[in-house]
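I opened the notebook on this model to look up its aromatic contacts and its nonpolar surface. My entries follow.

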Amino acid sequence: MSKVTVSAPKPAAGTGVYDHINHAEPSGHGNSPAAWTCVIVMLVGALIASIAFVIANTPIFIVGSAIMVIGLIVGWIMRKAGYGVGGSKLTNSGH
């Protein structure tokens with residue numbers, strides 16, 4: 001056995017994926033009616049698809065998958081309607 005120390009190569013400075021991210025601005029976590037509706041509808045679809053997968057029922061699995069796609073569409077429509085993060089329907093009107 002040799003007693004030579006082995007070390008991993010060190011990357012050059014400034015080559016990371018996250019080098020140009022501004023951490024001063026909060027990124028938000030999607031706390032909006034659009035995001036919550038999207039997630040809830042998609043969870044229901046995933047539950048249906050999971051149960052259908054376990055009982056080996058292809059038509060119900062496809063329905064569950066379609067519900068997940070519908071959840072994405074509903075979330076996108078609600079965001080465009082102003083119910084997303086920073087949307088016009090969620091701003092305080094001063095009343």
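I start with a cut-off: a residue counts as exposed over 50% relative accessible area, as buried under 20%, and as partly exposed in between. I also note that the model is predicted.

Entry on Ile-55. I looked up its place and found Ile-55 in the loop between helix 1 and helix 2. Its relative accessibility is 54%, so I list Ile-55 as exposed.

Entry on the nonpolar patch. Which residues make the nonpolar surface patch? I noted Leu-47, Ile-51, Phe-53, Val-54, Ile-55, Phe-61 and Ile-62, with an area of about 760 Å². Helix 1 (33–54) and helix 2 (58–83) are the elements that give two or more residues to this patch. Helix 1 provides the largest share, 4 residues.

Entry on aromatic rings. I searched the whole structure and got 1 aromatic pair. The partners are Phe-53 and Phe-61, with ring centres 6.4 Å apart and planes at 50 degrees, so I call the pair tilted. Tilted is the class left between under 30 degrees for stacked and over 60 for edge-to-face. I then checked the accessibility of both partners. Phe-53 is exposed at 64% relative accessible area. Phe-61 has 34% and is partly exposed. Both residues also belong to the nonpolar patch.

Entry on Val-63. I placed Val-63 in helix 2. Val-63 is partly exposed, with 44% relative accessibility.

Note on methods:
Residues numbered from 1 in each chain as written. Predicted model: local features only at pLDDT ≥ 70, side-chain atom pairs only at ≥ 80, totals over all residues. Heavy atoms only, no water. Phe/Tyr/Trp six-rings, centres within 6.5 Å; stacked < 30°, edge-to-face > 60°. Buried < 20%, exposed > 50% of the residue type's maximum accessible area, 1.4 Å probe, protein only. Patch = residues over 30% accessible without salt bridge, like charges linked within 9 Å, V, L, I, M, F, W, Y side chains within 5 Å. Areas by Shrake-Rupley, 256 points an atom, 1.4 Å probe, with all protein chains shown as cover. Salt bridge = Lys/Arg side-chain N within 4 Å of Asp/Glu carboxyl O.
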